[in-house]
Amino acid sequence: VKYEVAYKNDGTIEACIIEAWGNAGFTHDFSGFLFLEVVEAVPSVYKWGNNFYMKLNGMKLNHPTNTAVRSFGSPQGMFIAETIIEHVASL
């Protein structure tokens with residue numbers, strides 16, 4: 001995951017651009033839906049300013065497919081969001 005965040009001195013986020021890559025394995029599964037849920041989960045909790053953009057690139061790799069069954073995409077999205085928030089808070 002790569003990201004850029006614009007924020008004020010008080011920590012208020014003004015803009016955020018995120019690019020991420022997801023392992024879709026080598027067989028047909030629900031990875032595409034999982035990636036969609038990740039992209040929807042990231043901005044669902046915090047205010048990200050008026051400029052929020054996220055691109056998640058799904059990649060077919062030579063690994064077994066690992067599709068989630070529970071909390072479909074939410075834990076991954078929340079992890080990304082919390083990592084960004086903690087980074088801004090630590091500055």
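Analyst: The structure holds one salt bridge, a salt bridge being a side-chain nitrogen of Lys or Arg within 4 Å of a carboxyl oxygen of Asp or Glu. This is a predicted model, in which local features need pLDDT of at least 70, side-chain atom pairs count only at pLDDT 80 or more, and totals for chains, interfaces and linings use all residues. Residues are numbered from 1 along each chain as its sequence is written, and side-chain values use heavy atoms, with hydrogens and water left out.

User: Which residue forms a salt bridge with Glu14?

Analyst: Lys8 does, and the closest N and O atoms are 3.6 Å apart.

User: On to pockets: what is the volume of the largest pocket?

Analyst: The volume is about 280 Å³.

User: Which residues lie nearest its centre?

Analyst: Of the 20 lining residues, Gly22, Asn23, Leu34, Phe35 and Gln76 lie nearest the centre of the largest pocket. Strand 2 (13–23), helix 1 (31–41) and helix 2 each give two or more residues to that lining.

User: Where is Leu61 found?

Analyst: Leu61 is in the loop between strand 3 (51–59) and helix 2 (74–90). Leu61 is partly exposed, with a relative accessible area of 31%.

Note on methods:
Helix = DSSP H or I, 4+ residues; strand = E, 2+ residues; numbered from the N terminus. Buried < 20%, exposed > 50% of the residue type's maximum accessible area, 1.4 Å probe, protein only. 1 Å grid on protein atoms, 1.4 Å probe; cavity = no way out; pocket = protein on both sides within 12 Å on 5 of 7 lines; lining within 4 Å. Points joined across faces, edges and corners; volume = space filled by probe spheres on them.
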